[in-house]
Amino acid sequence: MGKDMRIPGFHPRDEKRKIGLSPDCNVLMTTGRLSSWKRQDRVIRALPRIVAEFPNTKYLMIGDGPNRSSLDH
């Protein structure tokens, strides 16, 4: 049996509203240090294909580091 990853009282639709996203959108999120070896650039390059298949998708990149300015759009 795997670890229970549920958070009591967590409601995705409400959390999306809190940060200004449509409650019905899909969210792709990465967290981590924004440095080249983490390869967040690969996710960014893949976004057009992801959004083509799932049009209501938003990407949240959470973190800080030396590559922040080059990844921030």
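Modeller: Helices are DSSP runs of H or I with at least four residues, strands are DSSP runs of E with at least two, and both are numbered from the N terminus. The model discussed here is predicted.

Colleague: What pattern does the protein follow when read along the sequence?

Modeller: The secondary structure comprises three helices and two strands. Taken in sequence order, these elements give the pattern α-β-α-β-α.

Colleague: Is the protein more spread out or less spread out than a compact globule?

Modeller: For 73 residues the globule rule gives 11 Å, whereas the radius of gyration of the protein is 14 Å. The radius of gyration is thus well over the value from the rule, so the protein is, against a compact globule, more spread out.

Colleague: What box do the C-alpha atoms of the protein fill, and what share of the residues count as buried?

Modeller: Along the principal axes, the C-alpha atoms fill a box of roughly 35 × 30 × 25 Å. A residue counts as buried when its relative accessible area is under 20%. Of the 73 residues, the share that counts as buried is 16%.

Colleague: What share of the accessible surface belongs to carbon and sulfur atoms?

Modeller: The accessible surface of the protein comes to about 6100 Å². Of this area, the part belonging to carbon and sulfur atoms is 56%.

Colleague: Among contacts with a separation of 6 or more, what share is due to residues 24 or more positions apart?

Modeller: Contact here requires heavy atoms within 4.5 Å. Of the contacts with a separation of 6 or more, residues 24 or more positions apart account for 63%.

Colleague: Is Gln40 buried or exposed?

Modeller: Gln40 is placed in helix H2, which covers residues 40-53. Apart from neighbours within four places in sequence, Gln40 is in contact with Thr30, Gly32, Arg33, Leu34, Ser35, Tyr59, Met61 and Leu71. The relative accessible area of Gln40 is 7%, and because the limit for a buried residue is under 20%, Gln40 is buried.

Colleague: How far apart are the mean positions of the positive and negative charges of the protein?

Modeller: The protein has 14 positive and 8 negative charges. The distance between their mean positions is 4 Å.

Colleague: How many salt bridges does the structure hold?

Modeller: One of them joins the side chains of Asp14 and Arg17, at 3.2 Å from N to O. Another is formed by Asp64 and Arg68, whose closest N and O atoms are 3.8 Å apart. The number of salt bridges in the structure is six.

Colleague: In which helix do Asp14 and Arg17 both lie?

Modeller: Asp14 is partly exposed at 36% relative accessibility, and Arg17 is also partly exposed, at 47%. The two residues are three apart, about one turn of the helix. Both lie in residues 12-18, that is, helix H1.

Colleague: How far apart are the closest N and O atoms of Asp41 and Arg45?

Modeller: Asp41 and Arg45 are four residues apart in helix H2, so about one helical turn separates them. Asp41 is partly exposed, with a relative accessible area of 25%, whereas Arg45 is exposed, at 56%. They form a salt bridge in which the closest N and O atoms are separated by 2.9 Å.

Colleague: Which residues are linked with Arg39 in a network of salt bridges?

Modeller: Arg39 is found in the loop between S1 and H2 and is partly exposed, with a relative accessible area of 32%. The network of salt bridges links Arg39 with Asp41 and Arg45.

Colleague: How far apart are the C-alpha atoms of Asn26 and Val51?

Modeller: Asn26 has its place in strand S1 and is partly exposed, with a relative accessible area of 38%. Apart from neighbours within four places in sequence, Asn26 is in contact with Phe54, Asn56, Thr57 and Lys58. Asn26 and Val51 are 25 residues apart along the chain, and the separation of their C-alpha atoms is 9.8 Å.

Colleague: How far apart are the C-alpha atoms of Asp24 and Glu53?

Modeller: Asp24 is found in the loop between H1 and strand S1. Leaving out neighbours within four places in sequence, Asp24 is in contact with Arg13 and Asn56. Along the chain, Asp24 and Glu53 are 29 residues apart, and their C-alpha atoms are separated by 16 Å.

Terms used. Residues are numbered from 1 along each chain as its sequence is written. This is a predicted model: local features need pLDDT of at least 70, side-chain atom pairs count only at pLDDT 80 or more; totals for chains, interfaces and linings use all residues. Side-chain values use heavy atoms; hydrogens and water are left out. The radius of gyration is taken over C-alpha atoms; the globule rule is 2.2 Å times the number of residues to the power 0.38. Buried means under 20% relative accessible area, exposed over 50%, partly exposed in between (1.4 Å probe, protein chains only). Accessible areas come from the Shrake-Rupley method with a 1.4 Å probe; for residues, only the protein chains shown count as cover. Lys and Arg count as positive and Asp and Glu as negative; His and the chain ends are not counted. The place of a charge is taken as NZ of Lys, CZ of Arg, CG of Asp or CD of Glu. A salt bridge is a side-chain nitrogen of Lys or Arg within 4 Å of a carboxyl oxygen of Asp or Glu.
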